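Subject: Structure for you to look at

Hello,

Here is the structure I said I would pass on. Please open it first; my notes follow below.

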Amino acid sequence: MGYKLHRLTVDDQIGYFAPKTWEFWRALIAAFCICTLLGHWLELLYCIIMNALFGIVEPDYVVWTDPWYHPYWVYGVGAVIMTLIIEPLKEIIVVHRKTLWGALLETFVITVILSMLMELIIGWLVNQPDQFGEYPFWDNSELPLNIFGQAWLVNDVVIGLVAVLYVWVIYPLLCEMFSHLRPSVANGLLILIVVVFAGASTCSYLQLWLGF
């Protein structure tokens with residue numbers, strides 16, 4: 001495959017969705033562990049920016065107080081979902097589009113639409129306003145570019161950008177990194193990643209539960 005940041009080709013973007021191989025699952029497990037921690041740091045940065053622009057993040061929101069090594073599982077699950085759904089879709093688009101820029105733009109548009117639909121569906125299922133018109137979990141009704149008070153286009157665009165960055169750059173680079181190592185070294189690196197992730201999770205939850 002040979003991933004090159006300075007000059008992308010079609011071959012650089014296909015072949016990474018290979019669920020019948022151990023190499024695929026090894027990279028996916030690593031992506032899950034890494035993204036649970038990386039997602040926490042990105043959410044903190046995102047909340048700082050959104051709070052500065054819109055003042056919408058509550059002062060008692062847990063992202064302000066959680067230990068920096070606390071895993072945010074939703075981002076690990078998101079990485080798995082993007083790998084299993086967006087990655088094969090991207091590879092199909094890349095093959096059929098005339099240019100990689102066109103394929104990248106189409107991937108971005110699709111992920112924005114999918115994230116918007118997920119926000120709407122989840123919101124309609126679990127975030128219905130009560131008798132006083134108050135939403136139990138989130139309220140986007142007063143934000144510009146909101147969709148039925150549930151979804152927020154700004155969030156969806158950011159999710160689309162992150163998804164494109166993941167399936168076009170991060171996941172291919174992770175796969176390439178493993179592929180350039182001897183199998184025993186690659187497996188050892190995966191074990192190290194899992195051990196670090198498990199250690200961070202254990203320390204974080206002990207601190208939160210025991211209050212030390």
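How many nonpolar, polar and charged residues does the lining of the largest pocket have, by class? The lining has 35 nonpolar, 6 polar and 6 charged residues. Here Ala, Val, Leu, Ile, Met, Phe, Trp, Tyr, Cys and Pro count as nonpolar, Asp, Glu, Lys and Arg as charged, and the others, Gly among them, as polar.

The model is predicted: local features need pLDDT of at least 70 and side-chain atom pairs pLDDT 80 or more, while totals for chains, interfaces and linings use all residues. Residues are numbered from 1 along each chain, and side-chain values use heavy atoms, without hydrogens and water.

The largest pocket holds about 2100 Å³ of space. (A pocket is an open set of points on a 1 Å grid where a 1.4 Å probe fits, with protein on both sides within 12 Å along at least five of seven lines; lining residues have an atom within 4 Å of a point.) Of its 47 lining residues, E43, Y46, Y75, N155 and I159 are the closest to the centre. α1 gives the most to the lining, with 10 residues. (Helices are DSSP runs of H or I, at least four residues, numbered from the N terminus.)

The axes of α1 and α2, lines fitted to C-alpha atoms over the stretch in contact, come within 7 Å and cross at roughly 135°. Residues of α1 in contact (heavy atoms within 4.5 Å) with α2 include F24, W25 and E43.

Regards

Methods: Points joined across faces, edges and corners; volume = space filled by probe spheres on them. Helix = DSSP H or I, 4+ residues; strand = E, 2+ residues; numbered from the N terminus. Axes fitted to C-alpha atoms, helices over the stretch in contact; angles between N-to-C directions.
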